Amino acid sequence: MTPVLIVGAGPVGLTAALLLLRRGIAFTLIERSEELADDLRASTFHPPTLDMLDSLGVAGPLIAQGLVSPTWQIRMHPSGERAVFDLAAIADATAHPYRLQCKQSILCRILLDRVRAEGGDVRMGLSLEDFTRDGDSVSVTARDTGGGLHQFNSAFLIAADGARSTIRERLDLKFEGRTYPETTILATTRFPFHDHLPGLSNVNYVWKEKGTFSLLRLPDVWRCSLYPDGEETIEDALQQESIARKLQEIAPSPGGHEIGEVRPYRIHMRIVDDYRHGRVLLAGDAAHVNSPSGGMGMNGGIHDAFELVATLAQVLDGAAVEHLDRYTRRRRPIALQEILTQADRNRARMQERDPAKRREMLTELQQTAADPAKARAYLLRTSMIDGLRKAAIA
């Protein structure tokens, strides 16, 4: 019997795998895909996440392939008025006082390479079919891409299988919350917005007349979050002509904007009641999903992995299995109050359409950014450091 079975080779599952390896705890990780995904997903790493990854020796390689972003901003378009937040204000609280802009798939590849190099048992192309539980173990049936069945028996099962978690579904758990009405259209382009929009940061949340967009810079592309205009349908908004028109509105270019990947997605805010169900433990998007505004979803999942493995190690070392309740006690309130609520607030701010209210919010943000004490407090919260401090004493 394997002490731990992990389902899902995303940033959460692979972080948990490397943490277990470093503690000398045997595990098997299964992943339905035969290769790691490389599609448009999370791209922002917050300071405490980089601190955590540094403890595993993977922050350095990640930073080398990303874009260090010491500031982020909220701005008006086309005037360029903005509130700029400089993470140097929290340099006393982190070894990485900046956001790192880097695709999550790069972290996954770094983690997978480390796990395999250190002898971890990772099996790609196996999808969980079902599982059964008794008092001391969890028995899992998985199917390979050829249809063959595989059986696993473990003391604990970690569900890191994402927002559409099969494990959460099999447990028949409520995933309460809501789905936001708007659809976001994520598009990439190599167009150098930084050469055309004065004072741009690498992370920008922008109000425009009757709408909003965001611009997030990666080493090789800009990621643009766009929305349908007025009565425009999703199908029409996905057309190259519509995306090209919106990019021209952001930064006119006679030569146009080369459009790369395009992906629509809906935004949800949901969370389970309990992260532990006997010997089954949920982490990351399997346990909670939130608006990407502020870039906290993936980061919160990685934080889940660190807390979960630390608690699980104590149980495997002799603590009562009920000690695992600490994992929910520490992580769920933070997810609810510091991640979901804050992301919801960020999203509501950028969806505001009243010019007077926008002006009031921008002025308040500028005043906060200009006041050292207020800026530090604001950045400790938005960078997720406050939440981690609260969780540590729960």
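Is Thr 71 buried, partly exposed or exposed? Thr 71 is partly exposed, with a relative accessible area of 22%. In these terms, buried means under 20% relative accessible area, exposed means over 50%, and partly exposed is in between, with a 1.4 Å probe and protein chains only.

The model is predicted, so local features need pLDDT of at least 70 and side-chain atom pairs count only at pLDDT 80 or more, while totals for chains, interfaces and linings use all residues. Residues are numbered from 1 along each chain as its sequence is written, and side-chain values use heavy atoms, with hydrogens and water left out.

## Thr 71 and its sheet

Thr 71 lies in strand E5, residues 71-76. Strands (E, at least two residues) and helices (H or I, at least four) are DSSP runs, numbered from the N terminus. Neighbours within four places in sequence aside, Thr 71 is in contact (heavy atoms within 4.5 Å) with Val 84, Phe 85, Asp 86, Leu 87, Ser 201, Asn 202 and Val 203. With the side chain of Ser 201, the side chain of Thr 71 makes a polar contact of 2.9 Å. A polar contact is a pair of N or O atoms within 3.5 Å; within protein, one must be able to donate a hydrogen and the other to accept it, and residues adjacent in sequence count only if both atoms are side-chain atoms. Ala 305 is 234 residues from Thr 71 along the chain, and their C-alpha atoms are separated by 27 Å.

Strands of a sheet pair through backbone hydrogen bonds, either parallel or antiparallel. Two strands count as paired if DSSP finds at least two bridges between them. Strand E5 belongs to an open sheet of eight strands with mixed pairing, in the order E6-E5-E13-E14-E15-E12-E16-E19. Strands E6 (82-86) and E19 (288-289) stand at the edges with a single partner strand each, so one side of each is left without a neighbour in the sheet. E5 pairs with strand E13 (residues 203-208) in the parallel sense over four bridges. Arg 75 has Val 206 in E13 as its bridge partner.

## Other strands

Another open sheet has three strands in the order E3-E7-E4, with antiparallel pairing. Its edges are strand E3 (44-45) and strand E4 (67-69), each with a single partner strand, so one side of each is left without a neighbour in the sheet. Three bridges join E4 to strand E7 (residues 99-101) in the antiparallel sense. The bridge partner of Leu 67 in E7 is Gln 101.

Strands E9 (residues 126-133) and E10 (residues 138-144) are also paired in the antiparallel sense, over seven bridges. A hairpin of four residues joins E9 to E10. Thr 132 has Ser 139 in E10 as its bridge partner.

## Cavities and a pocket

Both kinds of space are found on a 1 Å grid over the protein atoms alone: a cavity is a set of points where a 1.4 Å probe fits but cannot get out, and a pocket is an open set with protein on both sides within 12 Å along at least five of seven lines; lining residues have an atom within 4 Å of a point. Grid points are joined across faces, edges and corners, and a volume is the space filled by probe spheres set on the points. By this rule there are three cavities of 30 Å³ or more.

For the linings, Ala, Val, Leu, Ile, Met, Phe, Trp, Tyr, Cys and Pro count as nonpolar, Asp, Glu, Lys and Arg as charged, and the others, Gly among them, as polar.

| Space | Volume | Lining residues by class |
|---|---|---|
| Largest cavity | about 80 Å³ | four nonpolar, five polar, two charged |
| Second largest cavity | about 50 Å³ | five nonpolar, three polar, three charged |
| Second largest pocket | about 260 Å³ | three nonpolar, five polar, five charged |

The lining of the largest cavity includes Trp 72, Arg 99, Arg 349 and Tyr 378. H9 gives the most to this lining, with three residues.

Residues that line the second largest cavity include Met 296, His 303, Gln 342 and Arg 381. Its largest share, five residues, comes from H9. H9 and helix H12 (385-392) each supply at least two residues of that lining.

The second largest pocket is lined by 13 residues, and Arg 349, Glu 364, Leu 365, Tyr 378 and Arg 381 lie nearest its centre. Helices H9 (325-351), H10 (355-370) and H11 (372-382) each supply at least two residues of this lining. H10 provides the largest share, five residues.
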